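Here is a short tour to read alongside the model. Please keep the 3D view open as you go.

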Amino acid sequence: QTATAAIQRVYRGTFIHSTQRKVVEVLEDALLGVDTQGKISFIGSGQDLSQLSQTFGFSPCVVTELKEHEFFMPGMVDTHIHASQYSYAGTALDMPLLQWLNTYTFPVESGFGDMEFAKKVYTQLVKRTLRNGTTTACYFATIHTDASLLLAQIANDFGQRALVGKVCMDRNNSVKHYKETTHESQEETNRFIAEFFARKYPLVKPVVTPRFAPSCTGALLGQLGAIAKNNHLHIQSHISENPEEVKLVKELFPDSESYTDVYHKYNLLTDMTVMAHGCYLSDKELELFRQTGASLSHCPNSNISLCSGLLDVRNVLNHKVKLGLGTDVAGGYSASMLDAVRRTLDTSKVLTIQDPDHKTLNFEEVFMLATLGGSQALSLDDQTGNFEVGKDFDALRVNVAAPGAPIDLFQNDGPKVLLERFLNLGDDRNIVEVFVAGRSVLPLAESAR
Ligand code: GUN
Ligand code: ZN
């Protein structure tokens, strides 16, 4: 990548994104150039078209103008989603976490040794999440190495940025055959990583994935911590989702001071770690997250659907812990990040109902969590999350007034109001085009629909 890569596309219109300094920045009549590598080469004012076209060497007639009621926003980042659980999304939400895993989840996940089934479910989910505006997803697959590699290939082929994890688990499982020995889990993780890099999926990275402490012996956690360290890899798991689970971890790891301490002890808390949930973390545990640079994925649909708990996002942010949003399909029943945005706002409002002193999250903050915050939580913010020059162009072209979409406009709303209405009322029909690394990945080509 050189600073002088040729301009491939230029867009003119309203751009809305979050920056380090501003929760929501609205750029009206802006011009954004994407180079042939898919990176943002400039963002400036529409007034400066002739000057920018000279500096960056493009003809003004290549500029694509957005229509009325359209804007660009960064693609959304789903920091926690189980691709293998998509087949039963929207059902089986009548039990608490540990029973739910044993009754529904493990039996379904055990079926992913069947590559045809895996291909069907993974293809549908990648298409669905792209339609819903997820340009980056952090996926759990299953324990099956080959099906996990297939998920990486499918995401890469459809043009979605992703982290993909082969799940590791060597104990406590209701389904006899859905478990590995400690040695198998280590060996298969090594094979997963080796094949992953050999096959080359430019948009996808492998992520070391101990399912959660109750499913893994200390020996396995230690080996996975070492694998992540030696290969400088991302790590994902679950933490402190439900009270029964927290109690179980105390029993299984009596020598550890806390749930967080279990992962910390095995070198699984790094600045490339994302842990889902964290509803019951103490301030001391949050402090350990901050010190290590590990992040949390807030999955409000799942937390409510499984009656797990309510995460106080404000408290997490006050502790300067990185946080993104996740759908947690299928503990969460929706594969849409717009749903995660709404549930995040709802959860924060419930906390305010319970305690009027709670400082409710506003939609601007939640927009940031769904985009830039997610990219930071996944340590991918050098590549994606907003429209800074040098980052990849991962973007949604939103038409708030798209035909057939569920938003009616009555007055001349400004861009921030249009964003708020899209976040609260919109759906995939408002997302008219999706870009990842500068490439238009949606609408899909006829043959891929
Ligand atoms: N904890 C361990 N495994 C899972 C899972 O698949 N879903 C959720 N929500 N929590 C978990
Ligand atoms: Zn999960």
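The backbone of histidine 277 deserves a look: its phi is near 85°, a positive value in a residue other than glycine.

Do keep in mind that this is a predicted model. The protein chain averages a pLDDT of 97, and 99% of the residues score at least 70. The model scores ipTM 0.99 and pTM 0.98.

UniProt, in an unreviewed entry, lists residues 72-441 as "domain: Amidohydrolase-related". Over that range the chain is 43% helix and 17% strand, and the end C-alpha atoms lie 15 Å apart.

Now to the ligand. Which residues are found around ligand 1? They are His82, Leu97, Leu101, Thr105, Arg211, Phe212, His238, Glu241, Ser302, Asp328 and Gly331. By class, this shell divides into three nonpolar, five polar and three charged residues. Helix H2 (residues 97-109) gives the most to the shell, with three residues.

Two packed helices are described by the angle between their axes and the distance between the axes. The table sets these values out for each pair.

| Helix pair | Angle between axes | Distance between axes |
|---|---|---|
| H3 (residues 115-131) and H4 (residues 145-158) | about 35° | 9 Å |
| H4 and H5 (residues 182-199) | about 30° | 10 Å |

The crossing of H3 and H4 is right-handed. On the H3 side the contact is made by Met115, Ala118, Lys119, Tyr122, Thr123, Val126, Lys127 and Leu130, which meet Asp146, Ala147, Leu150, Leu151, Ile154, Ala155 and Phe158 of H4. Sorted by class, this contact has eleven nonpolar, one polar and three charged residues.

H4 also passes H5 in a right-handed crossing. Here Thr145, Ser148, Leu149 and Ala152 of H4 meet Glu188, Arg191, Phe192, Glu195, Phe196 and Arg199 of H5. The classes in this contact of H4 with H5 are four nonpolar, two polar and four charged residues.

Finally, two peptide bonds are worth a visit. Where does alanine 330 lie? Alanine 330 is found in the loop between strand S14 (323-325) and helix H12 (337-354). A cis peptide bond joins valine 329 to alanine 330, with omega about 10°. Proline 443 lies in the segment after strand S17 (439-442).

Terms used
Residues numbered from 1 in each chain as written. Chains lettered and ligands numbered in written order. Predicted model: local features only at pLDDT ≥ 70, side-chain atom pairs only at ≥ 80, totals over all residues. Axes fitted to C-alpha atoms, helices over the stretch in contact; angles between N-to-C directions. Helix = DSSP H or I, 4+ residues; strand = E, 2+ residues; numbered from the N terminus. Left-handed = near helix turned anticlockwise from the far one by under 90°. Contact = placed C-beta atoms within 7 Å. Nonpolar A, V, L, I, M, F, W, Y, C, P; charged D, E, K, R; others polar. Near = placed C-beta within 6 Å. UniProt positions renumbered as here; feature names shortened; annotations may be inferred. pLDDT = per-residue confidence, 0-100.
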